Amino acid sequence: MEKTDIVIIGAGVIGLAVALQTVENHPQKTIILLEQHETFGQETSSRNSEVIHAGIYYPRGSLKARLCVEGKNLLYDFCRRWDVPCQKTGKLIIARELSEIAVLEDLMEQGAKNGVDDLVYLEKAQVRRLEPHIYTEGAILSPSTGVIHSHRLMSQLDFQARQSGVLMGYRHRVTAVERIRAGYRVDLLDPENRRETLTCQWLINAAGLHADRIAAMLGIDLDRYGYRITPCKGEYFSIDYAKSNLVSRLVYPPPLQGLTGLGIHLTRSLDGRLRLGPNSFFVDELDYRVDPDHAGEFYEAARTFLPFLELTDLQPEMAGIRPKLQGSEKAFRDFIIQHEKARGLEGAVSLVGIESPGLTCCLSIGRMVADLIYC
Ligand SMILES: Cc1cc2nc3c(=O)[nH]c(=O)nc-3n(C[C@H](O)[C@H](O)[C@H](O)COP(=O)(O)OP(=O)(O)OC[C@H]3O[C@@H](n4cnc5c(N)ncnc54)[C@H](O)[C@@H]3O)c2cc1C
């Protein structure tokens, strides 16, 4: 039975960032990252809007608010330092009708409370000068919002973590974890489907959509502690490339109460393509196909602020699945990032419900987890 100091489960952007920050904090420790797929980022981390969020929407003092504001700055610095493509495109949160201006005022206040100090309110005519092809009654400009090449980010994190000594166990699926006297026993299947066992002192659960299952293996009562994940799908449709030059910033309608996402919005990728999404609906299985019949829903949602849009401009693009904690309830749920010592699981760290803005927060989450580890 192989012995290691720290095992991290999951090579999405979170597991990779945790691996890098942990090896930097604890260079003398042995660290293994286990991932069931052949490489990093095969699930949620490569199926998202790739937006670096400013940190406006989340309740003050929440992990989402704090880690987003901190993570955004860390991420821009990281991209600059290691040549990871990103662009501060800026984002407009728009009022589609006069009644939504009050919502924008609340969001300005919320953003300021969270430390997002660069938001600017723009009157209708000012927005028109910036983005003549969108329809709005007024907007908040968030200059620090941007987009990032998430694959290049993960590839850089993977490279640096390896260079610093993290062992990458791709094609290793964790099948069981168990508390033992001196830490944890981890059972896995290797690339040839052979059973292997590791023991470790620290077990970091960054298993994304499957993180609740790993928590349950440790004996954590999912329903009692609110750890159960309900997958919530989000589809994207791309807009005809001929219309790419009509908008240069990200455009979001205000989030409406009770929405499980931020609402269908417009993003612009680093290569200049426009796309709409994601919508939001709960699913029972991890099926990433996009239903072409949903084009009408996207068209109806977006044509109110993109008057140039025609139904025929939309093509199904891709889908991602959010690891939602709240199920179909509407209340805000924060990230769960917790050392489970109080539950008798010293050395086990849970990362559960890491939905948006998880990509933006990867480095601040990595730092937070690395700081929890003592050995
Ligand atoms: C539609 C959508 C849009 C989003 N947009 C944004 C955005 O614009 N900006 C932003 O900041 N965030 C966004 N997010 C959130 C962001 O994508 C996630 O927070 C982030 O990718 C989560 O990363 P992760 O590493 O926790 O999960 P994942 O990327 O899912 O990684 C978890 C990994 O664990 C592995 N794993 C699971 N179980 C096992 C096991 N038993 N053995 C071995 N390996 C295992 C999986 O294979 C997977 O690779 C969005 C999310 C969605 C769904």
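Okay, quick definition before anything else: when I say "domain" here, I mean bounds that come from an automatic or database domain assignment. And keep in mind that this is a predicted model.

So, the domains. For this protein chain the assignment gives two: domain 1 is 2-47 + 151-228 + 331-372, and domain 2 is 91-143 + 230-324. If you take their C-alpha centres, they sit 32 Å apart. Where the two touch, domain 1 puts in nine residues and domain 2 puts in 11 residues. On the domain 1 side of that contact, you get three nonpolar, three polar and three charged residues.

Now, where is the ligand in all this? Both domain 1 and domain 2 give residues to the shell around the ligand, so it lies between them. That shell has 39 residues, and the closest are G10, G12, N48, G208 and G358. If you'd rather think in elements, the ones giving two or more residues to the shell are α1 (13-25), β2 (31-35), β10 (173-180) and β18 (314-324).

Okay, next up, a helix pair. How do α2 and α9 cross? Helix α2 is residues 63-82, helix α9 is residues 362-372, and their axes come within 6 Å and cross at roughly 110 degrees. Angles of 65 to 115 degrees count as roughly perpendicular, and α2 and α9 are therefore roughly perpendicular to each other. Who's doing the touching? From α2 you've got L67, E70, G71, L74, L75 and F78, and they meet C362, L363, S364, I365 and M368 in α9. Sort the residues of that α2 and α9 contact and you find eight nonpolar, two polar and one charged.

In our case, β3 pairs with strand β8, residues 146-148, in the antiparallel sense over two bridges. If you want to find one of them on the screen, look for I52, whose bridge partner in β8 is G146.

That's my tour, so over to you.

Definitions and conventions
Residues are numbered from 1 along each chain as its sequence is written. This is a predicted model: local features need pLDDT of at least 70, side-chain atom pairs count only at pLDDT 80 or more; totals for chains, interfaces and linings use all residues. Axes are lines fitted to C-alpha atoms, for helices over the stretch in contact, and angles run from 0 to 180 degrees between N-to-C directions. Helices (H or I, at least four residues) and strands (E, at least two) are DSSP runs, numbered from the N terminus. Angles under 35 degrees count as roughly parallel, over 145 as roughly antiparallel, 65 to 115 as roughly perpendicular and the rest as oblique. Two residues are in contact if their C-beta atoms, placed from the backbone, lie within 7 Å. Ala, Val, Leu, Ile, Met, Phe, Trp, Tyr, Cys and Pro count as nonpolar, Asp, Glu, Lys and Arg as charged, and the others, Gly among them, as polar. Two strands pair if DSSP finds at least two bridges between them. A residue is near a molecule or strand if its C-beta atom, placed from the backbone, lies within 6 Å of it.
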